[in-house]
Amino acid sequence: MGSLYTDITENNPALPSNPLDPEEFRRQGHMVIDFLADYYREVGNYPVRSQVEPGYLRKCIPESAPNQPEPIETILKDVQSHIVPGITHWQSPNYFAYFPSSGSTAGFLGEMLSTGFNIVGFNWMSSPAATELESIVMDWLGNMLKLPSSFLFSGGGGGVLQGTTCEAILCTLTAARDKMLDKIGRDQIGKLVVYGSDQTHCALQKAAQIAGIHPANFRAVQTFISDSFGLSPAELRMTVEADIAAGLVPLFLCTTVGTTSSTAVDFLPGLCKVAAEHGIWVHVDAAYAGSACICPEFRHFIDGVEDADSFSFNAHKWFFTTLDCCCLWVKNPKSLVRALSTNPEYLKNKATESKQVVDYKDWQIALSRRFRSLKLWLVLRSYGVANLRNFLRSHVKMAKVFEGLISLDSRFEVVVPRYFATVCFRFVNADETDGCDEAVGINNEINKRLLERINASGKIYMTHAVIGGIYVIRFAVGATLTEEHHVRDAWKVVQHHTTLLLSELRK
């Protein structure tokens, strides 16, 4: 009697006998590397922002998975035909949107090694090399940033690689919450207050929601153009004192070095002083700009960090390391461990009990964790500190070139100071000299239309922000393949579409 099941086809040469056969891995791996190398050779020719319509992929791909194996050659053809058109090309030299996601050969190969080993490094015992390399690399980076010794393992602090800034903020906020509740009682959580500015990344508000902070106790303190939209210590002090007078308990302040909207920089020394007076945990979020602070000429932007409790930046943004890789340092690791640790029987071991090792599972939200330090280690070793600094400086120089081009065209203005490699600018059509809100609204709408036209062309990609009621176009240099001629060509694209839009408006 024949089998009713046809899932397994005997003697089918296309059926892999081993999902991890070394020679087949070698063959297919070479093909994928060649595919990606070709992609990077041509990436500047693709429309930067994907031009597809919602739902496009369902029209291209079958409704169910194949019952029998398909060769990698066929799959890669489909990647080229169906997936690549739906990608917004973050690594394009013409990508100037959001913040960069700079890649590098070392970062990609480090990711390959990390993925290839495929360890689950939750504690020291699960892979000692993963834990120890992470501790070493975080001290290397801390020294490059000239962080105070209190943030390094050698000084009683320590660093950990999180996935994203969102995770870093949630972990530190949770540690601060539990530390405070141990003092005032767990039933007092409704009194805890979290502070940021109206420019702080929305990750702070999300973390506050997850950590159980009452929505009414989240403060987005107003910033002003007179302070270049950095958070003022005086404004923070007034807000904190009003909360104390209302019987609330100030808990956590997230300061920012390089805000998402405009790369504004909060005044760390003054803010830390206010926080110290009231026992507030200070986290410094330098997700974007922290990378630049390895350069001596930019290090002053994090002056005052010595008085903060935690500091983070994203190596996967502007540090040539692939997503995800957020670097977080804390002065008091025990606060993280107390808030985030669990110790089930099946994870108990002699190394942990010796208190001589770090178990990074207790420094993060999840139990499982990837070997992220491997790719960061490859980046640091492959390029060296001097070259990394020069890569970053080259991007800042290109942003200065773009800023200079704007200044030569009277139709445009730079809206806020450029500190790093992001320029916030706009086209000015209606006269705003009398402070007329209507004129501001007209200019906002024109800039919105202009940006959409530019992005729809596919030639370059930029994003926007609204700062102090003003709609600005953000030009963020940082893609690894970008050169000065790409920046100059981008400006020509801006001018071209501005001229076309103006001619339409005058009809």
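**Entry 1: the sheet.** I began in strand β5, where H283 is the bridge partner of C254. I took strands as DSSP runs of E of at least two residues and helices as runs of H or I of at least four, both numbered from the N terminus. The model is a predicted one, in which local features need pLDDT of at least 70 and side-chain atom pairs count only at pLDDT 80 or more, while totals for chains, interfaces and linings use all residues. Residues are numbered from 1 along each chain as its sequence is written, and side-chain values use heavy atoms, with hydrogens and water left out.

I then looked up the pairing of β4 (residues 249-256) with β5, which is parallel and runs over five bridges; strands pair if DSSP finds at least two bridges between them. I read the strand order of the open, seven-stranded sheet as β1-β7-β6-β5-β4-β2-β3, with mixed pairing.

**Entry 2: F301.** I located F301 in the loop between β5 (281-285) and β6 (310-314). F301 counts as buried because its relative accessibility is 13%; buried means under 20% relative accessible area, exposed over 50%, and partly exposed in between, with a 1.4 Å probe and protein chains only. Not counting residues up to four places away in sequence, F301 touches V257, V265, L268, C293, Y419 and F420, where contact means heavy atoms within 4.5 Å.

**Entry 3: aromatic rings.** I found 30 aromatic pairs in the structure. Rings of Phe, Tyr and Trp (its six-membered ring) pair if their centres lie within 6.5 Å; planes under 30 degrees apart count as stacked, over 60 as edge-to-face and the rest as tilted. W90 and Y98 are stacked, because their ring centres are 5.7 Å apart and their planes stand at 10°. W90 is partly exposed at 35%, and Y98 is partly exposed at 41%. F402 and F425 form an edge-to-face pair, with centres 5.4 Å apart and planes at 70°.
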